[in-house]
Amino acid sequence: MTALNPTRQALEQGRTVSALWLESASPEIAELAVHAGWKTILVDNEHGISSLEHTAHLLRAVEAAGGDVVLRIPADYPAYLKKILDMGVRSIMVPMVNSAAQARAIVDACRYPPQGNRGYAAPIVRASRFGAVSDYARIANDNLLLIVQIEHVDARDEIEAIAAVEGIDMLFIGPNDLAGSMGRLEQLEDVDVRQTIQDMEARMTASGCWMGTITAPTRGVETLSEAGYRFVAGPNDIAIMANALRNEAARWRERSRDFDLT
């Protein structure tokens, strides 16, 4: 674990960060992903199965391989935020943030006083290397990267207010849940969905906040980067493995007709 936040540093340098979603709780897959070239791993604890203990193992595996973790938490629970911050997570994504009040509460839970109300245990937690980083409490607030997901129509009118909350660094459009909240689940190319996203993009860009999202069949990393996105979540480890296993099973059946895979 480095003293500074490499993902935040990359964004401050004007680079577009691409991340691999990690749904599994496997440190081996996390480590493999970094060695395969994915330097930023988005650990998904909203839909993924990782417990807090497993998350600690994932952090160690990614960092030992030379990568960095962005952690999506299940919801904006202050107690959960305190634990993962003490664990050493420096980049946090919070799902379904619909108001400035909610955003302010997230910042309050993540920052030490006087900027927030994060509980203090700095000398004995992994985040400070168990006290080896003596000025951890002084630098922790500035080292944070806080990403909030805008993924519901209720957040549409709150974009400027959320972006104006000091300590919120990035607004991340979640198109699937957004479409669902509009009654158009799995209809990402619907005219109203596309128009809503385009309106959000323009307003987020004007706000000065960094902007993030996921890739889509018609919107790859290059297209999204040109549109102003600075953080793009791409493929998912479960989807990659599922597709590879299906393809390999089909190939095996084709070449080994005398063998039964059932």
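Reply: Met96 sits in the loop that runs between strand S4 (91-94) and H5. Met96 is not a glycine, yet its phi is positive, near 50°.

The model is predicted, so local features need pLDDT of at least 70 and side-chain atom pairs pLDDT 80 or more, while totals for chains, interfaces and linings use all residues. Numbering starts from 1 along each chain as its sequence is written, and side-chain values use heavy atoms, without hydrogens or water.

Go past H5. The loop between helix H5 (100-110) and helix H6 (136-143) holds Pro114. The peptide bond from Pro113 to Pro114 is cis, and its omega is near 10°. Tyr112, Tyr120 and Tyr136 make up one aromatic cluster. Three aromatic pairs turn up in a search of the whole structure (ring centres within 6.5 Å, with Trp represented by its six-membered ring; planes under 30 degrees apart are stacked, over 60 edge-to-face, the rest tilted).

Now back to S4. It is one of eight strands that close into a barrel, in the order S1-S2-S3-S4-S5-S6-S7-S8, with parallel pairing. Pairing needs at least two DSSP bridges. From one strand to the next, the twist averages 25° (axes are fitted to C-alpha atoms, for helices over the stretch in contact; angles run from 0 to 180 degrees between N-to-C directions).

Take one pair. S2 (residues 40-44) and S3 (residues 68-72) run parallel, joined by five bridges. Thr40 has Asp68 as its bridge partner in S3. Helix H3 (residues 52-64) packs on the sheet and touches strand S1 (17-22), S2 and S3. Contact means heavy atoms within 4.5 Å. The direction of H3 makes about 155° with that of S3.

The structure has two cavities of 30 Å³ or more (sets of points on a 1 Å grid over the protein atoms alone, where a 1.4 Å probe fits but cannot get out). A lining residue has an atom within 4 Å of a point. Helix H9 (191-207) and strand S7 (210-214) each give this lining at least two residues. By class, the lining has eight nonpolar, three polar and three charged residues (nonpolar: Ala, Val, Leu, Ile, Met, Phe, Trp, Tyr, Cys and Pro; charged: Asp, Glu, Lys and Arg; polar: the others, including Gly).

Terms used:
On a 1 Å grid over the protein atoms alone, a cavity is a set of points where a 1.4 Å probe fits but cannot get out, and a pocket is an open set with protein on both sides within 12 Å along at least five of seven lines; lining residues have an atom within 4 Å of a point. Grid points are joined across faces, edges and corners, and a volume is the space filled by probe spheres set on the points. Helices (H or I, at least four residues) and strands (E, at least two) are DSSP runs, numbered from the N terminus.
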